[in-house]
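Trainee: I've just opened my first protein model and I'd like to learn how to read it. Could you walk me through some features?

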Amino acid sequence: MKKFRVVLICTPEMGNLVPLVEFAHLLTNRDRRFCATVLIMTVPERPTVNAYVKSRDALATTTDANNINFVYLPSVDPPSPDQYKSTLGYLSLFIEKHKPHVKNEITKLIETESDSEDSDRVAGLFIDMFCTSMTDVANQLGIPCYLYFASPASFLGFMLHFPNMDAQIANEFVESNTDFFVPKDSTTELVIPSFANPLPPSVLPSTVLKRKRDGYVWYLCHAARYMETKGIIVNTFQELEPYAIESISVNGMPPVYPIGPVLDLNGPVQWHPDRVHHESIMKWLDDQPPSSVVFLCFGSMGSFGGPQLREIAIGLQRVGFRFLWSIREPSKSKIYLPGEYTNLKVKEMLPEGFLNRTAGVGLVCGWVPQVTILSHQAIGGFVSHCGWNSVLESLWYGVPIATWPLYAEQQMNAFELVKELRLAVEIRLDYRDGRGSDLVSAEEIEWGLRRLMDGDDEVRKKVKEMREKSRTAVMEEGSSTKSLGSLIEKIVADVRNFEAQSKLIHSTFQ
């Protein structure tokens with residue numbers, strides 16, 4: 001049967017890649033007329049990403065009846081250091097270098113389609129928030145381009161508004177004694193249409209506050225190009241972000257399709273090489289009482305140095321809660337992901353005797369299968385960096401969050417969770433990675449943990465309610481399932497319109 005083939009590509013990071021692949025599964029399982037090709041940019045310095053792709057590729061080969069396939073793009077030379085001044089600058093240039101290879105792969109699919117009436121029809125190119133340069137490829141090949149946005153609708157609203165904010169930042173912000181621009185007036189608040197409340201500038205992404213770096217310009221560039229797409233698919237759901245979704249569902253904008261939560265509920269246990277480590281963690285959790293353990297985990301890119309680890313340890317010891325604490329070693333450079341500390345190094349960095357004193361109630365470990373742990377009945381609270389995938393996983397399992405953002409848009413996510421949605425308690429809203437002098441004190445950690453585990457019953461109640469709403473959204477008559485159906489209709493209609501226009505043009509020149 002002739003199918004509609006969608007081509008997908010995203011930033012080569014776990015937080016971008018996992019939800020994109022899960023979206024491909026969701027689309028092709030929902031409507032068997034669709035199949036998907038996922039284009040992979042290989043980054044040798046990130047073996048975890050590569051292990052995930054190989055596992056999903058093998059799984060697709062055996063279980064998806066050829067509905068999904070993965071294509072590894074040829075490697076490219078990385079940008080030279082004189083071409084960028086930020087991580088986003090590096091990534092944007094790295095992605096842009098792949099444009100010829102992406103065009104070549106899609107061209108091969110189109111040529112195969114024209115050679116046989118039974119071949120799949122290329123129905124569109126799906127990009128993520130930092131792959132906007134691929135819009136050029138879609139335009140050159142005459143295929144629709146859609147944006148898959150793996151962050152919340154509130155942040156999408158910020159990005160769409162960001163070009164309008166540029167003048168305000170230029171006029172009302174000044175350089176400080178750090179890399180960050182700060183408002184001239186310390187009482188300044190920012191009005192962003194996708195947030196019900198004004199935002200303090202301190203929760204803006206670091207890239208936005210570093211106005212003289214190239215990352216700021218790349219943010220503007222990417223945000224402007226969102227408007228060129230035929231539609232925007234967002235990994236959220238109506239019941240979670242009604243205000244933000246309504247603010248961006250207006251005339252003049254590409255249509256918005258909230259189809260989440262899109263989650264990989266199997267998680268890395270099916271592909272990560274350290275399964276013995278995983279099994280020992282789950283066995284430890286099996287021995288803990290229900291909802292008694294606070295889980296501290298900071299995502300695939302989160303890590304801390306010794307001084308902050310010691311403050312966390314002191315805070316944990318003071319509250320006395322059972323805990324599972326994932327500690328990662330800071331990466332060698334921005335292109336690498338965090339690694340694993342040796343047991344000896346962990347022991348040296350933590351307060352003397354901490355591991356012995358907490359042996360009966362706590363477990364300190366390295367990498368963990370986060371979504372699997374969140375699903376365990378022993379988990380009662382989650383200290384999180386507020387990456388959006390982590391937020392959706394936590395809500396899916398009804399686990400309250402204490403916010404500790406690190407990078408990207410996580411400060412804005414934390415603000416939304418605490419101030420807008422009342423679905424989390426605050427440790428910090430404006431903490432950011434890379435500012436070594438800005439330690440979160442043991443007192444702050446203790447206060448946040450007590451509120452998380454013992455204090456705020458209203459937050460816990462609302463999180464349990466959102467757990468049910470998140471599951472209802474993806475049921476047959478749920479809001480996200482209906483939105484996915486509308487997206488499918490849009491994709492098919494765009495293809496039909498293109499075919500009709502092509503026939504008209506062809507007949508005109510006969």
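Trainee: Okay, let me start with a single residue. Where is the place of Ser291?

Mentor: Ser291 sits in the loop between helix 10 and strand 10 (293-297). Keep in mind that this is a predicted model.

Trainee: What is phi of Ser291 near?

Mentor: General idea to begin with: most residues other than glycine have a negative phi. Ser291 has a phi near 55°, a positive value in a residue other than glycine.

Trainee: Which phi does Ala408 have, positive or negative?

Mentor: Positive, about 55°, although Ala408 is not a glycine. You'll find Ala408 in the loop between strand 14 and helix 16. With a relative accessibility of 38%, Ala408 is partly exposed.

Trainee: Now peptide bonds. Which kind joins Gly260 and Pro261, cis or trans?

Mentor: Again the general idea comes before the case: most peptide bonds are trans. The bond joining Gly260 and Pro261 is cis, with omega at about 0°. Pro261 belongs to the loop between strand 9 (256-258) and helix 10 (275-286).

Trainee: How do I read burial? Is Pro405 buried or exposed?

Mentor: You look at the relative accessible area, and under 20% means buried. Pro405 comes out at 0%, so Pro405 is buried. Pro405 is in the loop between strand 14 (401-403) and helix 16.

Trainee: Which residues does Pro405 touch?

Mentor: Leave out residues up to four places away in sequence, and there's still a list: Ser384, His385, Gln410, Gln411, Ala414, Arg428, Leu429, Asp430, Tyr431 and Arg432. Take Tyr431 from that list. Pro405 and Tyr431 are 26 residues apart along the chain, yet 5.9 Å separates their C-alpha atoms.

Trainee: And a helix residue? Where does Asn413 lie, and is Asn413 buried or exposed?

Mentor: Asn413 lies in helix 16 (residues 410-420). Its relative accessibility is 0%, so Asn413 counts as buried. Setting aside neighbours within four places in sequence, Asn413 contacts Pro152, Cys386, Gly387 and Trp388.

Trainee: What about two helices together? At what angle do helix 3 and helix 8 pack?

Mentor: For a pair of helices, you read the angle and the spacing of the axes. Helix 3 (residues 87-96) packs against helix 8 (residues 214-225) at about 50°, and their axes are 8 Å apart. That angle makes helix 3 oblique to helix 8.

Trainee: Which residues meet there?

Mentor: From helix 3 you have Leu88, Gly89, Ser92, Leu93 and Glu96, and they meet Asp214, Gly215, Trp218, Tyr219 and His222 of helix 8. Sorted by class, this contact has four nonpolar, four polar and two charged residues.

Trainee: Let's zoom out. How many helices and strands does the chain come to?

Mentor: The count is 19 helices and 15 strands. The radius of gyration is 23 Å, close to the 24 Å that the globule rule gives for 510 residues, so the chain is as compact as a globular protein of that length. The C-alpha trace spans about 85 × 55 × 45 Å along its principal axes.

Trainee: What share of the residues counts as buried?

Mentor: 56% of the 510 residues. As for contacts with a separation of 6 or more, 74% are between residues 24 or more positions apart.

Conventions:
Residues numbered from 1 in each chain as written. Predicted model: local features only at pLDDT ≥ 70, side-chain atom pairs only at ≥ 80, totals over all residues. Heavy atoms only, no water. Axes fitted to C-alpha atoms, helices over the stretch in contact; angles between N-to-C directions. Helix = DSSP H or I, 4+ residues; strand = E, 2+ residues; numbered from the N terminus. Parallel < 35°, antiparallel > 145°, perpendicular 65-115°, else oblique. Contact = heavy atoms within 4.5 Å. Nonpolar A, V, L, I, M, F, W, Y, C, P; charged D, E, K, R; others polar. Rg over C-alpha atoms; globule rule 2.2 N^0.38 Å. Buried < 20%, exposed > 50% of the residue type's maximum accessible area, 1.4 Å probe, protein only.
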